[in-house]
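Colleague: I have a model open and some questions about it. Can we go through them one by one?

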Amino acid sequence: MSRRLRWRKFVSHFMLTMTGLCALVAVAVLFFILGYLVYHGGTSISWNFFTKLPAPVGETGGGMANAIVGSAKLLLLACLLGVPIGFFGAIYLAEFSGGTIAFVVRYAADLLNGVPSIVIGIFAYSLVVLPFKHFSTLAGGFALGLMMIPITLRSTEEFLRAVPRALREGAMALGASQWKTIASVVVPAAYRGILTAILLAFARVAGETAPLLFTAFGNRFWSPGWAQPTASLPVMIFTYAIAPYDDWHRQAWAAGLVLLGLILIINIIARVILSRGVAVPRT
Amino acid sequence: MGSRSFLSKLRDGDEIARLVTFIFAGSVVLITLLLVFELWRESYLPRHKFGFGFFVTSVWDPIFDKFGALPFIYGTVVTAAVALLIAVPLGIGAAIFLAELAPARVSDTLQFFIDLLAAVPSVIYGLLGVFIVIPMMRQYIQPALKNSLGFLPFFQGPAYGVGFLTAGMVLAIMVIPYIISVSREVLISVPRDQREAALALGSTRWESTWKVVLPFARTGIMGSIFLALARALGETMAVTMVIGNTPTISASLFSPGYSIAAVIANEFTEATGDLYLQSLIELGLVLFLLTFLLNGMARLLIVVTSQRGSGMGQA
């Protein structure tokens, strides 16, 4: 083997090993994050975290019950806005439209998907907070819902399109109208995919903080109804992490563990649902 | 289907279903237009008062109603640049491993972890940034850089821990999953014959990757980088928590700084006076336009490459 060839082989092995290292580093980051959160969060989490209100500033103890409920309310509102628009919009794109209108809708959805979350916050502020004159759960849910729309829409459309044409034609040949075909054949055939799309969109907005800063704002107490500012887990993590109190730092870790745990579990469930489904061939 | 009259479609509910779903789909377009319109309308005051000067002056003084965005633009650009310098080689390297070397099972498993990493919310990165990365930077990395590369203007000044470099590093970690996922897809779409031809000509595995596969996938990989850049520019929470939140323009990466998204996050609720608030909204508009352009270009590049790949595959 000539020296040159040996050198080339060495370079090849060396560079390919380096790429392997890159992959290793990238994946290791995930386990570092998980490890730190489980370690710091696990030692500071307690029953009080889930059941108590935040303690007054300067006192230790207390929990984030109001933030957990607040996050749940915000996400409920987000789903109420994001899922119908995403789902029915996707049906329009996949089943009814072709050409220009579909292009415009897709373009708008992709544009909306790329908008930085803080800008979504500004939009929700000027659209909901300003007219009502104060921060509210409603405004926060609106902002999160906006972010759910493009994710739900685009992936639901993909899954609807993956349903074989033959199924649609079979239903129509039996005399079903188009919407009956969609409702009783196409959507059931794609339901795993659609569920995955919705779950992933939900998980994505569950951790969003920036759009809530000046829409849902924050609250150290319970937030009755929908028109009051409310605490939420992500915003609590932010305020507690940058505050100068050790006890707050501990609670921020606990909240981080709860939030990340929730998001990763939803992600894993979504992927399991999808992988268990019958693979639908593309036509 | 074509033979059915409009009336029978109406009776079957088809036209109603079409109309209802159309309203939902149309509302997406409406919302997007409204977003652009609101940003434009709500930034009227600073646009008219400062004009282009808004982008090139660096005084940000709410008390005297003077607003210049240069330090924030500088901070956004510098942190994104640092992030890409770290994330691009790492991300593309990992993508090469996943697409070219790893067996399908390993590749899919690793991709699953990468997807989970992409799902970690930015406030969690911020949390780790505050308690893990900042102390580490202050105690080990910044002193080490100062000792070895301190003659460069980038690595001078006191090591606070917070600053451009820290924000850039946290951003890098956040955008790596996007670069890996998209680049991997693009690399996989490169036709097999390209690799086989290079190997048949006697090239080593790395040479076929470096000289044949990567050039083929170049535009798509550029797309993934633009996508990552758009994410990095618009990223708010993690940056806000580690950049130091001081409007500075300094060549040193150790210096605390500020970014567009961070200043909006910190000052929006405290902004008193219309000009102040609208200046922040104009910053939002700038951020929107930047990410809009980058995302558009990214999509174009990715589509171009994957089409070229499939076209060649069939030929």
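Modeller: Chain B is split into domain 1 (6-41) and domain 2 (46-314). Keep in mind that this is a predicted model.

Colleague: How far apart are the C-alpha centres of domain 1 and domain 2 of chain B?

Modeller: Domain 1 covers 6-41 and domain 2 covers 46-314. Between their C-alpha centres, the distance is 36 Å.

Colleague: Which element of chain B gives the largest share of the side that touches chain A?

Modeller: The contact involves 70 residues of chain A and 69 residues of chain B. On the chain B side, 16 residues come from one element, the largest share. That element is helix H2 (residues 14-41) of chain B.

Colleague: Is Leu93(A) buried or exposed?

Modeller: Leu93(A) sits in helix H3 (residues 65-96) of chain A. It has 28 C-beta neighbours inside 10 Å. The cut-off for buried is 20 or more. Therefore Leu93(A) counts as buried.

Colleague: Which residue of chain B is in contact with Leu93(A)?

Modeller: Set aside neighbours within four places in sequence. Leu93(A) then contacts Ala102(A), Val105(A), Arg106(A) and Glu157(A) in chain A. From chain B, the partner is Ala25(B).

Colleague: Is Arg47(B) buried, exposed or partly exposed?

Modeller: Arg47(B) belongs to helix H3 (residues 44-50) of chain B. Buried needs 20 or more C-beta neighbours within 10 Å, and exposed needs 12 or fewer. Arg47(B) has 16, so it counts as partly exposed.

Colleague: How many residues of helix H12 of chain B are buried?

Modeller: H12(B) spans residues 260-267, eight in total, and is mostly covered. Ile260(B), Ala261(B), Ala262(B), Val263(B), Ile264(B) and Ala265(B) are buried. The count is six.

Colleague: Which threonine does Val242(B) touch?

Modeller: Beyond four places in sequence, its contacts include Gly126(B), Gly129(B), Val130(B) and Val170(B). The threonine among them is Thr166(B).

Definitions and conventions. Residues numbered from 1 in each chain as written. Chains lettered and ligands numbered in written order. Predicted model: local features only at pLDDT ≥ 70, side-chain atom pairs only at ≥ 80, totals over all residues. Domains from an automatic or database assignment. Contact = placed C-beta atoms within 7 Å. Helix = DSSP H or I, 4+ residues; strand = E, 2+ residues; numbered from the N terminus.
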